[in-house]
Amino acid sequence: MNQKTHPFVTPPSVVAQITQLPSLDMAAIKALWKRLYGGDTPTHNRQFLERRIAHKLQMIEFRKVDRNMLESNQRRIATLIERGKMQTPTKHYIPPVGTVLTRLYQDVEHWVTIEAEGTYEYQGRRYDNLSVIAREITGTRWSGPLFFGLRKQETAKKPKKGARK
């Protein structure tokens, strides 16, 4: 059996499957899409297909790890129905275990996997802090959550006209 056309027969891990995606030919990508989504690919954009497949693989593998996610989503849906809008996310949002954060920096795509107990895996090493990873990538001090898009940059609030300081 040719591994290039059937790489997911015995999956060693989700991370390994995701890292293999760029090396697959388009026929294998389309076959994997059909297996995961049950239909033909909606586009021929390879980057889109790889990212959606990576997301689906993570969902399949890791949805069973975080049992609180279903309850959390049900609460969010109830809040949306009740108030007509979502609550603002907490300042310290951490995605579920198994999420792969990607960041394109200076034409190099960097992947960080969120692991259990607040650790992160980047290039085969474990880190306790996203900011350390962002600093390793850029060579300068960065907020890790800001660098990886988990938090928006806060802008200074302007005082209201006529308000005293």
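**Entry 1: a starting question**

Is Glu109 buried, partly exposed or exposed? I looked it up: Glu109 is partly exposed, with a relative accessible area of 35%. For my own reference, buried means under 20% relative accessible area, exposed means over 50%, and partly exposed is in between (1.4 Å probe, protein chains only).

Before going on, I noted that this is a predicted model, where local features need pLDDT of at least 70, side-chain atom pairs count only at pLDDT 80 or more, and totals for chains, interfaces and linings use all residues. Residues are numbered from 1 along each chain as its sequence is written, and side-chain values use heavy atoms, with hydrogens and water left out.

**Entry 2: the overall plan**

I looked up the elements next and found 6 helices and 4 strands in the protein chain. Helices (H or I, at least four residues) and strands (E, at least two) are DSSP runs, numbered from the N terminus. Along the sequence, their pattern reads α-α-α-α-β-β-β-β-α-α.

The protein chain has 165 residues, and 26% of them count as buried. Its accessible surface comes to about 12,500 Å², with 52% of that belonging to carbon and sulfur atoms. Such areas come from the Shrake-Rupley method with a 1.4 Å probe; for residues, only the protein chains shown count as cover.

I also checked contacts, meaning heavy atoms within 4.5 Å. Among contacts with a separation of 6 or more, 26% are between residues 24 or more positions apart.

**Entry 3: the cores**

Which residues touch the most other members of the largest nonpolar core? They are Ile18, Leu21, Ile29, Ile53 and Leu57, out of 14 residues in that core. A nonpolar core is a set of buried Ala, Val, Leu, Ile, Met, Phe, Trp, Tyr and Cys residues joined through side-chain atoms within 4.5 Å. The elements giving two or more residues to this core are α1 (14–20), α2 (26–37) and α3 (46–62). The largest share, 5 residues, comes from α2.

Another core, of 13 residues, lies apart from this one and includes Leu101, Tyr120, Leu130 and Ala134.

I then picked out Ile53. Leaving aside neighbours within four places in sequence, Ile53 is in contact with Leu21, Ile29, Leu32, Trp33, Leu36 and Tyr37.

**Entry 4: salt bridges**

How many salt bridges does the structure hold? I found 5. Each is a side-chain nitrogen of Lys or Arg within 4 Å of a carboxyl oxygen of Asp or Glu.

Glu109 from my opening question is in one of them: its side chain meets that of Arg51, at 3.1 Å from N to O. This pair links distant parts of the chain, with Arg51 in helix α3 and Glu109 in strand β2 (residues 108–114), 58 residues apart. Arg51 is partly exposed too, at 44%.

Glu50 and Arg46 form another salt bridge (2.6 Å, N to O). They are 4 residues apart in helix α3, so about one helical turn separates them. Glu50 counts as buried at 16% relative accessibility, while Arg46 is partly exposed at 24%.

I also noted Lys34 with Asp40, where the closest N and O atoms are 3.3 Å apart. Lys34 is partly exposed at 48%, and Asp40 is exposed at 62%.

**Entry 5: strands and their loops**

Strand β1 (residues 100–105) and β2 run antiparallel and are joined by 6 bridges; two strands pair if DSSP finds at least two bridges between them.

The hairpin of β1 and β2 has 2 residues between the strands, and Gln106 there takes a positive phi near 50°. Asp107 lies in the loop between β1 and β2 and has a positive phi of about 65°, although it is not a glycine. I was glad to have this rule at hand: most residues other than glycine have a negative phi. Asp107 is exposed, at 75%.

Gln123, in the loop between β3 (120–122) and β4 (125–127), has a positive phi of about 50°. Gln123 is exposed at 56%.

**Entry 6: Thr138**

My last stop was Thr138 in helix α5 (residues 130–138), which is buried at 15%. A polar atom of its side chain lies 2.9 Å from the backbone oxygen of Ala134. Not counting residues up to four places away in sequence, Thr138 touches Tyr105 and Phe147.

Methods
A polar contact is a pair of N or O atoms within 3.5 Å; within protein, one must be able to donate a hydrogen and the other to accept it, and residues adjacent in sequence count only if both atoms are side-chain atoms.
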